[in-house]
Amino acid sequence: MAEILVLVDHVEGTPKKVSYELLTLARSLGEPSAVVLGKGASAAAEKVGAYGAEKIYVNEAPEIDGFLVAPKAAVLAQLVQDKSPAAVLIPSTGEGKEIAARLAVKTGSGLLTDAVAVTPELVAEQQIFGGSVAVQSKVQTGTPIITVRPNSTAPSEAAGAGTVEQVTATFSDADKAATVVDSVVEAAGGRPDLGEASIVVSGGRGVGNAENFSIVEALADSLGAAVGASRAATDAGWYPHQNQVGQTGRTVSPQLYVAVGISGAIQHRAGMQTSKTIVAINKDPEAPIFELADFGLVGDLFTVVPQLTEEIGKRKG
Amino acid sequence: MNIVVLVKQVPDTWAERKLDANDKTLDRASVDVVMNEIDEYAVEEALRIKEASGGEVTILTMGPARAVETIRKALSMGADKAVHLTDDALAGSDAVQTSYAIGKVLDTLEYDLVIAGSEATDSRMSVMAALLAERTGRPQLSGARKVTAEGGTVRIERQTDNGYDVVEAPTPAIISVVEKINEPRYPSFKGIMAAKSKPLTTLSLADAGIEAGQVGLASAPSQVVEFANKPPRQAGQVVKDEGDGGVKIAEFLASQKIV
Ligand SMILES: Cc1cc2nc3c(=O)[nH]c(=O)nc-3n(C[C@H](O)[C@H](O)[C@H](O)COP(=O)(O)OP(=O)(O)OC[C@H]3O[C@@H](n4cnc5c(N)ncnc54)[C@H](O)[C@@H]3O)c2cc1C
Ligand SMILES: Nc1ncnc2c1ncn2[C@@H]1O[C@H](COP(=O)(O)O)[C@@H](O)[C@H]1O
């Protein structure tokens, strides 16, 4: 069976859920090989074996974290050359798409981004124009480079040989052109990652100020959810920019999206309208968010949300 | 600093966008078009850098004839001149091919910085800066929420999932910006008048030395096999709070087996 390379997304050795999803998907396409790069790669390699990887390629060169994106694409390009995989799957995150782009140029291949499914014939399904059109696309040239959205496949464990192989790559001057001089962490940890969470609770201008976001957070915590925000809320400084959902924020596609005090502007919808179920709480019955909500509640968030939080607490016992 | 700003004309996100049933490419003819929203921020950033340190701002667009409207808008904001790459043979090019074509034009221009938007609202790929950096061998400084350019060095704050990275590179460099970076200006009446006489160079494939076999739908490395329009998302039930709104939502979530 042909090899399918899967780029593992990990934070200093802890793989993100999307990595397991992609390995699970890769098993339906061929023989999955995990590629784990950068600081903590060896630690992450130990964990991905449980998801059916036959081979695990590891490269911990300091260039990988020291320079922006390009070195990761260089290692993958070397692997594409050496192993001739049938396809390369990369998580469809901001950085994942950029790695994929550079890899496509390096290997003279076609590129598909934001796939929500991939068939054994390597046809990728994408949802475009805010989910109103489903497109099936195929790479015609080179090695298919496909980025796959988080939450597209349910991850499941499977046995795999998990043979670890240290691989090398040479980095050109161009790969080392943009130096990462500092990494600053702004967002508080503890909650699930916005892009990966199966439930997201977002607050907007209706929340009123930074302190009131604790109401949104309490609801999120009762559901085990990630917290998002509209641009109005991040611009006002009530919540970190990293939590912005929308066209220029994160794109999320959870099982449940709860919009609290958000009007539903087109740029906000662009980041959340493919969510499975949408619940909106807004005091304005005319708010456009109700046009796409499966359940809309017209009311004051300051009474409705705490009551909801309490009710969920009761039900979860 | 001489700056090239990449500006794309896209269908208005408010309009109903569709794919052409024949060639399965974006139907650009039947919809209202606008400048890609984030590209206004790219133009604004270039103008600010120019105002601080001199130089020229050149707009570069690849697109059909009517993309001239978008170029004029960028010129009326204050850019100095523009290059419009337009040729029927470019129709249906995918992102990888577009980066080849734009890269070819960039090779003929002298620049310290290229500034793109972080994402086009039609493709939503967010890959152009990375593709061009790979093509040109120039440093990639993408996803910038802040740019400082001094001497021969550019430094950006790159938005990440949990904070930001500070990334630095020598010029010439390829930048993309997110909308946090600034507040774009509106074209003034004077700017709109001045734009009419600013230099606009129109390039065909041959003018730019682009090989016809490398662009266009027929040779695209990625192709749409088929597509289906999905029924628009239906509004569900909307309930007015009667004092038990929170309980009502919990009941709905329970009915969906979410809690
Ligand atoms: C280039 C560009 C990119 C953009 N990108 C994004 C993006 O990525 N993400 C994004 O979100 N936006 C984005 N925007 C902004 C977008 O256009 C909207 O301005 C923004 O989404 C509005 O946020 P909001 O819904 O929180 O605020 P508003 O539109 O002001 O809505 C607030 C809502 O809260 C309701 N409300 C107020 N008080 C209460 C209460 N007590 N109880 C219940 N409801 C209440 C109101 O009825 C109202 O509907 C972008 C804009 C541009 C130009
Ligand atoms: N045809 C084009 N002409 C000029 N600029 C473009 C074109 N396509 C993409 N761009 C630039 O690349 C950015 C990102 O586009 P994309 O990668 O397609 O999401 C846009 O914001 C533009 O700045």
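A polar contact here is a pair of N or O atoms within 3.5 Å. Keep that cut-off in mind for the tour of this predicted model.

**Stop 1: Asn282(A).** Select Asn282(A), in strand S16 (residues 277–282) of chain A. Its relative accessibility is 10%, so Asn282(A) counts as buried. Now show its polar partners. A polar atom of the Asn282(A) side chain lies 2.8 Å from the backbone nitrogen of Asp284(A). The side chain of Asn282(A) also reaches the backbone oxygen of Ile262(A), at 3.0 Å. Next, display the neighbours beyond four places in sequence. Among them are Gly261(A), Ile262(A) and Ser263(A). Ala287(A), Ile289(A) and Phe290(A) touch Asn282(A) too, as do Leu297(A), Val298(A) and Gly299(A).

**Stop 2: the interface.** Show chain A and chain B together. The contact takes 88 residues from chain A and 80 residues from chain B. In chain A, pick out Phe129(A), Gln247(A) and Phe295(A): these lose the most area to chain B, together 10% of what that side buries. The area buried between the two chains is about 7,000 Å², and carbon and sulfur atoms give 56% of that area. Turn to the polar links. There are 38 residue pairs in polar contact across the interface, and six salt bridges. For a salt bridge, select Lys16(A) and Asp161(B); their closest N and O atoms are 3.4 Å apart.

**Stop 3: a surface patch on chain B.** Select Phe189(B), Ile192(B) and Met193(B). They make a nonpolar surface patch of about 320 Å². Zoom in on Met193(B), which sits in helix H5 (residues 189–195) of chain B. Is Met193(B) buried, partly exposed or exposed? With a relative accessible area of 41%, Met193(B) is partly exposed.

Technical notes
Residues numbered from 1 in each chain as written. Chains lettered and ligands numbered in written order. Predicted model: local features only at pLDDT ≥ 70, side-chain atom pairs only at ≥ 80, totals over all residues. Heavy atoms only, no water. Patch = residues over 30% accessible without salt bridge, like charges linked within 9 Å, V, L, I, M, F, W, Y side chains within 5 Å. Areas by Shrake-Rupley, 256 points an atom, 1.4 Å probe, with all protein chains shown as cover. Salt bridge = Lys/Arg side-chain N within 4 Å of Asp/Glu carboxyl O. Helix = DSSP H or I, 4+ residues; strand = E, 2+ residues; numbered from the N terminus. Buried < 20%, exposed > 50% of the residue type's maximum accessible area, 1.4 Å probe, protein only. Polar contact = N/O pair within 3.5 Å; in protein donor to acceptor, adjacent residues only side chain to side chain. Contact = heavy atoms within 4.5 Å. Buried area = accessible area lost by both parts, 1.4 Å probe.
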